[in-house]
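Here are some comments for a colleague who wants to see how the parts of this model meet. Please read them with the structure open.

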Amino acid sequence: MIRLLLIFLIVCFGLGSSNAQNKYTVSGYVYDSDGGETMIGANIYELSNIQNGSSTNNYGFYSLRLIEGKHLIRCSYLGFQNKDIEIDLHRDTVINISLMPGVLLKDVVIDAKKQQARKNVIGTQVGTVKLEMKQLKMMPVLMGEVDVLKSIQLLPGVTSVSEGNSGFYVRGGGADQNLILLDEAVVYNTGHMLGFFSVFNADALKSTTLIKGGMPANYGQRLSSVVDIKMKDGNDKYYSVDAGIGLISSRLTLQGPIVKDKSSFILSGRRTYILDLAQPLLKGKKFEGTNYFFYDFNAKFNYKFSDKDRIYLSGYFGRDVFKLNFKARAFEILMPYGNSTATLRWNHLFNNKLFMNTSLIYNDYNFKLGAAQEKFSFENYSGVRDYNMKIDFDYFLNNRNKLKFGSNYTYHKLSPDILSAQGEGFDLNNEGVPTFTHENSLYILDEMKISKIFKANVGLRLSSYSQMGNYTSKIDSKVYSPSDLVKSYYNLDPRFNIRAITGKNSSLKASISFTSQYLHLVSNSSGSIPSDIWVSSTEYVKPEKGIQYSLGFFKNFKNDSYETSIEAYYKDMKNQIEFREDYVGGIDENLENKFVFGNGRAYGLELFLKKSTGKLTGWIGYTLSRTERKFDLINNNQWFGTTFDKPHDLSLVVNYKLSTRWNASAVFVYGSGRRYTPVSDIYILDGQFNLEYGDRNSASLPAYHRLDLSLVYKSKIRKNWNSSWTFGVYNVYNRKNPSFINYDTDIDTEVGKSQITASKITIFPIIPSISYNFSWNNK
Amino acid sequence: MNRIIILSIIMISSLLFTSCEEEFVPSDVKAKQEYVVEGQLEFSILNIPTFVILSKSTSYFSTLDSTLVENLYIDDAEVFVSDGDKKVKLSYVCAKDLSFPMLFKLYVVLGNKIFNSEFCAYLDINNKLTIEEGREYQLHIEHKGNIIESITSIPENVNIDSVYFKETPGEKIDSAAMMWVKFSDEADVKNYYRYFVIENRKKLYSYNSLFDDLIIDGQTVDLPFRKPVDPRSPDFNKDIGFTYLRGDTLQFKLCALDEDHYNFRESFLFSNNQGPFSSYVRASDNIEGGIGIWGAYACEVVNIIVPEK
């Protein structure tokens with residue numbers, strides 16, 4: 001192992017070493033001049049030699065090596081005016097750069113957009129997309145709720161399985177194989193209202209990045225993709241209020257300085273209320289007191305001690321609460337579930353080359369289902385809780401080598417179905433025992449410029465996972481106490497991305513990434529539902545392992561106004577987990593006995609065309625793909641398509657700026673129909689007709705397609721007050737896309753005949769929406 | 001603001017209540033036409049004969065009239081059951097040839113279909129098999145060169161302490177009462193249960209009447225037992241829900257069953273429903289060469305009248 005690491009380091013630094021005589025470093029942070037937010041991924045480059053550049057890291061820090069003397073450097077960021085700075089460099093210099101929002105100098109903004117678009121060609125990343133929050137807010141969405149995760153589903157290589165569900169599948173990976181991070185904290189359940197809405201309140205978010213291939217070594221824990229969501233830091237210049245009133249929920253965000261230019265806060269909340277409003281109508285009725293609502297609360301605070309030290313404290317708390325009251329039977333059900341996360345981060349700059357981020361992270365997801373009838377009550381609890389400590393370094397060795405290295409330790413506590421029941425004279429429980437595990441990782445990567453043509457991102461990630469007691473072995477019945485090690489796993493995952501410039505505006509990129517995953521969400525539902533349980537790798541459940549090969553050709557046209565790409569991928573997955581075909585979803589003390597294990601493969605071709613400048617912007621994405629699984633105990637060990645295997649998937653997103661006040665957007669999606677397992681036979685048992693199923697997922701529903709439209713009207717811009725109306729129509733031509741199939745027995749007693757009939761159920765017909773948004777500030 | 005609220009209510013309603021249903025013709029799927037076994041042994045004071053009903057599955061697209069249904073049953077198989085000591089060939093017997101007491105014994109487990117004169121089954125009509133707790137039973141069927149086999153066992157019997165009634169939960173209904181049962185679960189052994197009710201000599205379907213000892217392992221407990229009826233069935237009395245009318249005569253039977261049998265019964269119940277968010281469930285069978293169940297019960301029977309208030 002040590003030898004491998006040494007070879008890796010020698011290769012990296014050997015390839016990338018350069019003569020650094022008479023060179024100095026320019027470093028600093030890039031901020032949004034309007035609110036003081038640090039800017040992720042801003043470009044800083046020498047105007048006379050644009051190849052000589054750098055970009056800000058996840059915390060807004062950059063470092064650029066230049067030879068001694070005079071230089072003109074430019075800083076650019078999408079949606080902001082460029083800033084050109086003249087420097088006469090004779091020593092290491094710190095320059096913090098503030099960029100102004102680009103509402104005035106249109107051409108300069110377009111240039112920044114083009115620079116951003118150029119990253120598509122010159123970066124090493126394959127399958128990486130950064131979503132712009134401003135554009136997301138313009139897009140038509142279900143019930144007017146802006147949803148980051150549903151927008152991700154419009155990108156090539158990303159599919160959803162059921163309509164309206166925010167659960168998604170990336171390049172053939174399962175829904176649990178996406179690492180979804182909110183300010184570095186893993187979010188285990190991303191859906192409200194059975195997944196129809198995501199838990200991410202767009203008002204509180206700064207940026208969202210999707211990595212669907214060529215995962216860099218600083219990310220791990222999941223097999224398929226990363227969705228890295230950063231919360232806003234809070235405006236450190238002035239106070240502002242942003243709010244919105246929608247059909248489903250209302251939102252309110254407050255932010256402002258605590259100490260101007262030094263410290264700021266942001267508080268953001270969202271809550272549904274429609275059934276609260278209906279409560280008076282339920283009064284005196286059979287189901288009085290029945291209610292459902294969800295809410296989210298995001299908070300963040302930061303303090304800048306100096307240019308070298310800054311701390312951030314951020315958190316998220318969200319809940320869905322369902323309450324059913326059946327007064328006549330004194331029967332009630334209470335089902336609360338949700339996530340809590342907290343992140344404490346310390347950014348420290350050792351010098352102008354070495355940046356450190358240290359994080360302490362807590363996150364928790366729990367699901368409770370309680371029922372009571374008079375003195376009898378029962379409660380089912382399951383959840384996952386993590387305590388995580390991580391340290392990440394960015395070392396800007398020189399302009400050819402940018403190193404990242406760090407480590408991560410997580411203590412997981414996974415509580416399976418823990419059941420208790422109380423009644424007259426008894427207090428019972430199933431003695432459910434949580435699983436306790438330690439997960440560690442070490443990584444190093446080098447983003448190296450090998451030559452003008454070649455650039456590479458080479459990394460290694462070493463991870464270990466240990467299952468601890470209390471535990472009774474399912475294999476040999478050995479009993480382990482809390483301090484006993486039950487089972488350990490180790491994995492070394494190399495990552496390799498390379499880019500070759502093939503022309504003025506084109507490049508060829510390739511990547512190979514090995515990934516490992518130790519936590520698994522095993523579900524027998526067609527999408528993710530809140531009662532699905534996260535389970536740990538144990539002596540019985542092996543870690544999932546994956547390898548993805550990607551190859552892409554990237555070309556920009558018309559002076560970078562149009563980005564295009566063709567990417568091909570092949571993904572191989574081991575130790576995939578499914579429930580047995582006879583699993584009914586009940587509570588089971590030996591849940592692992594209900595699992596079956598197998599392999600997966602996915603391959604596809606993604607075509608992408610994006611236009612990001614001009615009045616008309618948007619993209620077209622098309623994916624041709626197959627996603628298959630193979631299990632000993634399913635389908636006679638033959639390959640079968642998954643429910644999210646969509647051979648054809650097309651998305652069209654268009655935004656047209658009609659005037660300074662009006663903006664129109666449209667989304668059209670077309671996809672192969674969802675696979676399902678058909679009924680092949682009927683048989684008689686227990687005096688009734690029963691269903692016998694054919695091969696797994698061997699039939700398909702009709703093709704899915706839908707058109708959504710939205711119109712945004714902005715009121716007259718005032719100094720301290722802005723407002724807008726968003727009108728939307730979901731499923732404009734009322735396409736009856738089936739959500740599921742229902743079987744029934746149709747009996748004609750007069751002629752003594754009967755037949756099993758099937759019907760398709762559509763949940764989402766045409767749905768109009770309207771929302772009103774406003775903001776105030778004391779600028 | 002008010003307009004938004006009103007619009008919100010309309011919109012939410014449109015989402016929640018206007019889902020539509022249309023006929024759907026699935027693509028043609030090749031039928032498997034498998035052998036279907038419905039076989040049962042019971043250890044109880046009721047002395048119910050061991051039986052096997054053998055049929056074949058048919059295409060999903062079939063229109064089921066009486067002729068087709070009749071043709072699904074197989075009457076020319078050879079069915080053997082071995083209790084470990086002896087191998088007994090079951091006789092193919094039709095309802096019209098059975099005595100009324102024997103018909104009623106079968107009614108208790110098979111329900112109304114026993115009164116159909118065309119009904120036939122393979123029976124241990126003379127109780128040649130030794131039916132006792134802890135014993136294994138092998139099923140062997142031969143039909144047109146095909147072999148169908150299975151094995152099951154009778155678990156240890158249940159220990160009922162008492163069956164009694166309490167007032168209905170929630171709003172009190174004077175004419176009805178909730179059944180409660182006190183019984184003991186054997187410790188450190190995984191136990192599975194199912195209960196059955198004959199109400200005024202009418203067999204209830206035993207809907208949702210399966211449970212295991214997940215939270216009662218080794219305990220003596222008093223638990224409310226819902227009437228085992230499907231709330232979607234036309235026979236369901238909404239006024240009293242899952243309680244019993246006072247004065248009714250009940251035969252309550254609490255049975256133990258083994259794991260394979262329990263798994264089949266549980267998955268069988270779910271196999272006929274494919275909900276909006278759930279995947280399909282394939283009934284877990286213990287039949288080699290076919291589908292269905294060869295299962296056994298050990299049952300304690302209590303006859304009781306629901307007391308007047």
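This is a predicted model: local features need pLDDT of at least 70, side-chain atom pairs count only at pLDDT 80 or more; totals for chains, interfaces and linings use all residues.

1. In it, the contact between the two chains takes 70 residues from chain A and 69 residues from chain B.

2. On the side of chain A that touches chain B, the elements giving two or more residues are helix H5 (274-277) together with several strands, among them S26 (401-423), S27 (426-429), S49 (740-748) and S51 (767-777) of chain A. The largest share of that side, ten residues, is given by S50(A). By class, the residues on this side of chain A comprise 37 nonpolar, 22 polar and eleven charged.

3. Chain B is divided into domain 1 (35-153) and domain 2, the latter made up of 159-282 + 298-305. The C-alpha centres of these two domains of chain B are 25 Å apart.

4. Where the domains of chain B meet, eleven residues of domain 1 are in contact with nine residues of domain 2. The elements of chain B that give two or more residues to the domain 1 side are strand S2 (35-43), helix H3 (100-110) and strand S11 (146-153), and the residues of that side divide into five nonpolar, four polar and two charged.

Key: Residues are numbered from 1 along each chain as its sequence is written. Chains are lettered from A and ligands numbered from 1 in the order in which they are written. Two residues are in contact if their C-beta atoms, placed from the backbone, lie within 7 Å. Helices (H or I, at least four residues) and strands (E, at least two) are DSSP runs, numbered from the N terminus. Ala, Val, Leu, Ile, Met, Phe, Trp, Tyr, Cys and Pro count as nonpolar, Asp, Glu, Lys and Arg as charged, and the others, Gly among them, as polar. Domain bounds come from an automatic or database domain assignment.
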